[in-house]
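Colleague: I am new to this structure and would like to learn how to read it. Could you take me through the main features in turn?

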Amino acid sequence: MNFKIFATIKDFSIARELLNAGVTAFRVNSSHMEIGELIEFLEEYQFHFYNIPLYIDLKGSKKRLRKDQRTVELIPGEKIVFATSESPEIKTLLVEPAVLKLLSPNLNVSLNDGKIKLKILDNDGNRAYAIVLKAGRVHGAKGINFEFLSDKNFRSFSLTEKDVEIISKTRDYPFVRYALSFVSSPEQIKNLRAISRRYVAAKIENYLDLDKLKEISSETDEMWFCRGDLGAHLGMRGLAKFYGEFVKSMRDFTCPVFMAGEVMEHMVDNPRPTRSEICHLYDLIEHGFSGIVLSNETVSGNFPIEVVKVVREVISGD
Ligand SMILES: Nc1ncnc2c1ncn2[C@@H]1O[C@H](COP(=O)(O)OP(=O)(O)OP(=O)(O)O)[C@@H](O)[C@H]1O
Ligand SMILES: CC(=O)C(=O)O
């Protein structure tokens with residue numbers, strides 16, 4: 001069975017054990033690292049793991065809170081602001097000016113793949129006022145999603161300045177591959193390939209029609225169906241419907257396809273998966289997925305090695 005298991009890591013503490021358990025490639029998320037830290041990481045990586053592919057996840061069009069956002073607890077019913085600088089009198093969520101512009105009244109916004117929800121009340125150009133609908137703790141660089149906001153809002157964004165600098169400083173490491181967030185057109189992949197000259201994965205994180213997906217699949221080396229962001233954008237029913245359409249079209253895609261995001265989410269806190277997670281894993285193989293991308297499960301979960309062992313157990317023997 002050639003089903004691949006990619007694992008997200010942030011350091012090397014369990015990397016060797018993950019490989020021994022069955023991981024076939026690593027992923028590192030550049031949004032949570034300064035460029036210097038990433039380079040130090042790669043220098044050490046090449047020493048121990050030079051023959052194992054490493055995907056560097058690039059922010060691309062993904063929207064995030066700023067990395068210097070302090071940790072805050074959001075309480076249901078509380079009024080807060082999104083702004084480009086901290087306000088002393090009200091809890092502030094720090095965003096870039098381009099994100100602030102998107103926050104129009106009545107828009108539902110979620111943080112951390114939908115775990116926290118807010119509604120925008122007003123935007124005066126400097127501050128967007130919002131009410132907390134679903135509470136939680138917010139950390140710097142957490143992803144921001146806009147429920148049902150049309151795909152056209154993402155087209156204008158592609159590689160950020162930081163992405164471009166990362167590519168120029170990392171593309172000569174032979175094990176490096178890139179995974180680009182929120183891909184919405186084949187041109188974005190062509191552009192990434194032109195400047196990196198490396199193997200690239202297109203992360204599908206917003207609704208795209210079948211023709212667009214086919215075009216992207218013929219341009220990229222791999223496609224990842226990213227359920228964390230898709231669920232936050234499309235809502236639960238929307239995600240399920242899109243997944244249904246996506247798997248029906250699998251044979252039209254010309255590149256390998258991977259499932260990413262909350263694949264074994266239960267095992268972040270529990271030593272065993274749910275029965276539905278393992279049945280779904282089996283279905284992924286039947287549908288023709290080439291593998292899975294683990295994120296929270298291995299980067300911050302309590303049972304990273306057990307997750308990989310369970311996946312191996314389910315996928316082996318056929
Ligand atoms: N290099 C890192 N340093 C510190 N924390 C990290 C690092 N990588 C991941 N994390 C933590 O683990 C969580 C899950 O990782 P993951 O890469 O899936 O992040 P994400 O922010 O949800 O982005 P994406 O939607 O692109 O997957 C992150 O939200 C972050 O809290
Ligand atoms: C993995 C990822 O980026 C997601 O599920 O959104």
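Colleague: How many helices and strands does the chain have?

Modeller: This is a predicted model, and its chain has 11 helices and 17 strands.

Colleague: How does the radius of gyration of the chain stand against the globule rule?

Modeller: The rule gives 20 Å for 318 residues, and the chain comes close to that at 19 Å, so it is as compact as a globular protein of that length. Along the principal axes, the C-alpha trace spans about 60 × 40 × 40 Å.

Colleague: What share of the residues count as buried?

Modeller: A residue is buried if 20 or more other C-beta atoms lie within 10 Å of its own. By that count, 40% of the 318 residues are buried.

Colleague: What share of the contacts join residues at least 24 apart?

Modeller: Taking contacts between residues at least 6 apart in sequence, 68% join residues at least 24 apart.

Colleague: Turning to the ligands, which residues come nearest to ligand 1?

Modeller: Of the 16 residues around ligand 1, the nearest are K10, N29, H32, S295 and V299. Two elements, α8 and α10 (296-299), each give two or more residues to this shell. By type, the shell holds nine polar, five charged and two nonpolar residues.

Colleague: Which element gives the most to the shell around ligand 2?

Modeller: That is helix α8, residues 227-248, with three residues. The residues surrounding ligand 2 include K203, E205, R227, D229 and S295.

Key: Residues numbered from 1 in each chain as written. Chains lettered and ligands numbered in written order. Predicted model: local features only at pLDDT ≥ 70, side-chain atom pairs only at ≥ 80, totals over all residues. Near = placed C-beta within 6 Å. Helix = DSSP H or I, 4+ residues; strand = E, 2+ residues; numbered from the N terminus. Rg over C-alpha atoms; globule rule 2.2 N^0.38 Å. Buried ≥ 20, exposed ≤ 12 C-beta atoms within 10 Å, placed from the backbone. Contact = placed C-beta atoms within 7 Å. Nonpolar A, V, L, I, M, F, W, Y, C, P; charged D, E, K, R; others polar.
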